[in-house]
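This briefing walks through a single protein chain for a reader who has the sequence and the model at hand.

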Amino acid sequence: MQKLSAAVLLAILLLFSSSFLHAERMNLITDQYWFEIINSENLQNPLPALRQTVADIIPVFKNNDFFAGKKRIRAYVIDVMGNQADYKLMSDAAASISGGIIFLSPLLSADACRLAGDFPDKQIAVFGFQPEADCGAENYRIFSIDHSSAYFEAGSWAAREGTEVFPLFYTGTERAAEMMEAFKDGWKKVSDEKLPEMKEILRPDETQVIDSYIKSVENSPGCIAAVLAGPLTVTVLDRLDGLSVRILTEKVRLWSESGYSVSASIELSPVKMLSEAVTYAGTESYGTKPVIKAEFILYEN
């Protein structure tokens, strides 16, 4: 990008600052992995990339701030170790935040209720992937995440394509199993054809299921490989590389440099989650536990 003039930089600075100067402060306490994904996604888009250029030039922006939609969010990144020290780091970060709403990354959300109890003067918000009982703290909010409608759409799309479909699902958790059922419901909504055989992976070490799946797909050129295998999705996509198949998968936007040739995917990025959440947080509907929906995206013409 060409060097920006001082006048242009000043205009951009004023534009950015005016959008949050009088708004409620938004904060994020996050693990380093989620923050890396956020940064990667933001730098793929022109406006966040421009903001990053400004941050590199103007010292006041040199921190862990980033934008979700039109809202500026201050990020506090902690090194998650998977032990009791993690909560101490979260607590220290929360104590340093003077006001506004504090979002927690999904990896840290298990301790959200405890954090809300320890800091009753701060608003704690988390993303929930299934209905949960409220912890009872008045300063605790859940933004529910709904993937089921996107998996329903994916099943309907696969059924309409009129070609052989090979679904592979990770069903090692109750929520993952529910997504497979949503896919099946979507298929049955638009087709009287028999459901395709649903191959399931219950544990990450079930490599024999992947071997069997790849063999089936190899023998059916032109088919749809519906790879919705959770923690093993990338492993399976690597095995499909070079085969003449159409791929339906999930979260491919997180691997933008992978080069996978994908026909459709189910997406819910951290930036989208935060963008919708901060919008809800600024409205009267904040206390109604709004739902943030995943998207089913077609990449074909």
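In this predicted model, Asp31 caps the N-terminal end of helix H2, with one of its side-chain oxygens lying 3.1 Å from the backbone nitrogen of Tyr33. Helix H2 spans residues 32-42, and it packs on one of the open sheets described below, where it touches S1, S2, S3 and strand S5 (123-128).

**Helix H2**

- The buried residues of H2 are Trp34, Phe35, Ile38, Glu41 and Asn42, and because they cover an arc of only 125° around the axis, they fall on the same side of the helix.

**The seven-stranded sheet**

- Seven strands make up an open sheet of mixed pairing, and their order across it is S2-S3-S1-S4-S5-S6-S12.
- At the edges of this sheet are strand S2 (65-68) and strand S12 (291-293), each of which pairs on one side only, while the twist from one strand to the next averages 30°.
- Strand S1 (residues 26-31) pairs with strand S3 (residues 71-78) in the parallel sense, over six bridges, and within this pairing Leu28 has Ala75 of S3 as its bridge partner.
- The direction of H2, as this helix packs on the sheet, makes about 120° with that of S1.
- Helix H10 (residues 270-281) also packs on the sheet, with contacts to S1, S2, S3, strand S4 (101-104), S5, strand S6 (140-146) and S12, and its direction makes about 150° with that of S12.

**The six-stranded sheet**

- Another open sheet, again with mixed pairing, is formed by six strands in the order S8-S7-S9-S10-S11-S13.
- Strand S8 (199-201) and strand S13 (295-298) stand at its edges with a single partner strand each, so one side of each of these strands has no neighbour in the sheet; the twist here averages 15° from one strand to the next.
- Strand S10 (residues 246-250) and strand S11 (residues 264-267) run parallel and are joined by three bridges, with Glu250 having Ile266 as its bridge partner in S11.
- Helix H6 (residues 148-160) packs on this sheet, touching strand S7 (165-170), strand S9 (224-228), S10, S11 and S13, and its direction makes about 35° with that of S13.
- Helix H8 (residues 207-218) packs on the sheet as well, where it touches S7, S8 and S9, and its direction makes about 150° with that of S8.

- Thr249 stands opposite Ser265 in S11.
- The pairing of S11 with S13 is antiparallel and extends over four bridges, and Glu267 stands opposite Glu295 in S13.

**The chain as a whole**

- The protein chain contains ten helices and 13 strands, and buried residues make up 47% of its 301 residues.
- Among the contacts in the chain with a separation of 6 or more, 62% are accounted for by residues 24 or more positions apart.

Notes
Residues are numbered from 1 along each chain as its sequence is written. This is a predicted model: local features need pLDDT of at least 70, side-chain atom pairs count only at pLDDT 80 or more; totals for chains, interfaces and linings use all residues. Side-chain values use heavy atoms; hydrogens and water are left out. Two strands pair if DSSP finds at least two bridges between them. Helices (H or I, at least four residues) and strands (E, at least two) are DSSP runs, numbered from the N terminus. Axes are lines fitted to C-alpha atoms, for helices over the stretch in contact, and angles run from 0 to 180 degrees between N-to-C directions. Contact means heavy atoms within 4.5 Å. Buried means under 20% relative accessible area, exposed over 50%, partly exposed in between (1.4 Å probe, protein chains only). The arc is that of the directions from the helix axis to the C-beta atoms. A polar contact is a pair of N or O atoms within 3.5 Å; within protein, one must be able to donate a hydrogen and the other to accept it, and residues adjacent in sequence count only if both atoms are side-chain atoms.
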